[in-house]
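Subject: Structure for your review

Dear colleague,

Please find below the structure that I am handing over to you. After it, I set out what was found.

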Amino acid sequence: MGQTMYRKIVDAHTVFPIDAQHVALYADLHIMNEYTSPQAFAGLAEKQLPVRCPEKQMGVVDHVIPTHPVAISRRTIAIEAASHQAANFTRNCEKHGIHLFDVQDREQGIEHVVAPEIGLIRPGMVVLCGDSHTTTYGALGALGFGIGTSEVEHVLATQTLVYRVAQDMRIRVDGTLPGGTTAKDLVLHIIARIGAQGARGYVVEYSGEAIGALSAEARMTLCNMTVEAGARGALIAPDDTTVDYVAPRIRGMDAEALAAAVDAWRALRSDDDASFDIEHVFDATHVAPFVTWGTSPDQAVAIGERIPELSADAQADASATKALAYMGLTAGQAIDGVAIDHVFIGSCTNARIEDLREVASVVRGRKVASTVRAMVVPGSGRVRDQAEAEGIAQVLLDAGFEWRQPGCSMCLAMNDDVLAPGQRCASTTNRNFEGRQGRGARTHLMSPAMAAAAALAGRIVDVRKEFGYGQS
């Protein structure tokens, strides 16, 4: 019987089997941030251990960094605890010879935006990070997943991980996404159908016509949010789109070596007779712009639908009742027309240049509603520079958006970008948990185009009907 792409990558990185379910897995790249690494470095110091492979580590300050629109050279972290955390991270990276994208680095940004854009992510790699959205890298055919602090320490010391092998799931998406819908709508559609635990214990491989039509950056959005269905990883087999994104970004590889690498990437795919533990099939033509109504990414509906009536299932009913109370909404209410106070466009899910181009196409020549505060936080210094060079930043500023410096920002509100209790936000982020963007804050996940439309209208609207997005 043939092998899945996932099993091929795991086998190629297995140093030795531990038992029937676990292997010692080699990591090609380990990425760290200031938030999940301090205890790991402390553990190394206590045991007097060095970092085994400093050249296979990368550090980024992104979770606690402020995004105020000041010059890079003037960026500082005013919050004392956060400043201490970042300074400690800097010292540890310097001590161990780890490359760090620090507070005043022009290429600083969100780790899952920076790593692919500078050519560190390649098909067939295993990439680890103390952040759950490391699944992003499956868009480029790399097995990426998040690890805990104790595991970060183990990887630093050994460049390996004690890894429990996952099961295989394939999600095939047939057909073509309708105009005005995006990868964000597709992944919210999928999560709403299979549930927040629907892929728990699995690595998901995406396939099908609709997946093949997605850009590399759209695939990153899809794989990034697959963890919100409980998945331990997400993968898309490399193709021309992958090669066209990865190859030009690689540094220090001669033409002959690159050609050999590309051949290997193209061969990395599941065998025709490979068996998957679970398979799902979706039709992309049925996807519409999606919006979350609750406090879990699977509590979402298409823009033209109403919030579901309460279920006969007692557990589901309790969860929905609690979510509706927190969000200040009612079962049966239309999601279209719900007023919002704030719009946040950013995060490792939707802060790449393609996302910002979508936003600019919606808001060009229009103004943000007077009742709304709207902010755009680019995913990296490179994205920010490109958006300014293309005139996107000026379009956003002219419309009334705040144009910020890169960072995780209001995705998880660990800096001073925080919503007030009761404020309702249209957000391009990946999680709408209680308190995620601030204590008592209410988050509606949606695509960049939908968030842009909400900023203009002052309420959640269908960007296709309200502003003709994707309908030409």
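Asn 415 counts as buried, at 5% relative accessibility; here buried means under 20% relative accessible area, exposed over 50%, and partly exposed in between (1.4 Å probe, protein chains only). Asn 415 is found in the loop between β17 (402-403) and β18 (424-427). Helices (H or I, at least four residues) and strands (E, at least two) are DSSP runs, numbered from the N terminus.

Before going further, please note that this is a predicted model, in which local features need pLDDT of at least 70 and side-chain atom pairs count only at pLDDT 80 or more, while totals for chains, interfaces and linings use all residues. Residues are numbered from 1 along each chain as its sequence is written, and side-chain values use heavy atoms, with hydrogens and water left out.

Which residues does Asn 415 touch, not counting residues up to four places away in sequence? They are His 63, Val 64, Ile 65, Pro 66, Thr 67, Ile 79 and Ser 409, where contact means heavy atoms within 4.5 Å. A polar atom of the Asn 415 side chain lies 2.8 Å from the backbone oxygen of Ile 65. A polar atom of that side chain also lies 2.9 Å from the backbone nitrogen of Asp 417.

Side chains of opposite charge can pair when their charged atoms come close. A salt bridge is a side-chain nitrogen of Lys or Arg within 4 Å of a carboxyl oxygen of Asp or Glu, and the count by this rule comes to 17. Asp 417 belongs to a network of salt bridges with Arg 373, Glu 402 and Arg 404. Within this group, the closest N and O atoms of Arg 404 and Glu 402 are 2.8 Å apart. Arg 404 is buried, with a relative accessible area of 5%, whereas Glu 402 is partly exposed at 23%.

- Arg 106 and Asp 385 meet in a salt bridge (3.0 Å, N to O). Arg 106 is in the loop between β5 (99-101) and α4 (111-117), and Asp 385 is in helix α13 (residues 381-389), 279 residues apart.
- Glu 279 and Arg 170 form a salt bridge, with their closest N and O atoms 3.0 Å apart. Glu 279 lies in strand β12 (residues 278-283) and Arg 170 in strand β9 (residues 167-174), so the pair ties together parts 109 residues apart in sequence.

Finally, the domains. The chain is divided into domain 1 (5-165 + 251-261), domain 2 (167-239 + 270-286) and domain 3 (291-467), with bounds from an automatic or database domain assignment. How many residues of domain 2 are in contact with domain 3? There are 19, and they meet 23 residues of domain 3. The area buried between these two domains is about 1,600 Å², of which carbon and sulfur atoms give 52%; buried area is the accessible area (1.4 Å probe) that two parts lose on being put together, summed over both. In domain 2, Lys 184, Glu 217 and Glu 228 lose the most area to domain 3, together 32% of what that side buries. The count between domain 2 and domain 3 is 1 salt bridge. Glu 228 also forms a salt bridge with Arg 431, the closest N and O atoms being 3.0 Å apart.

Yours sincerely

Conventions:
Polar contact = N/O pair within 3.5 Å; in protein donor to acceptor, adjacent residues only side chain to side chain.
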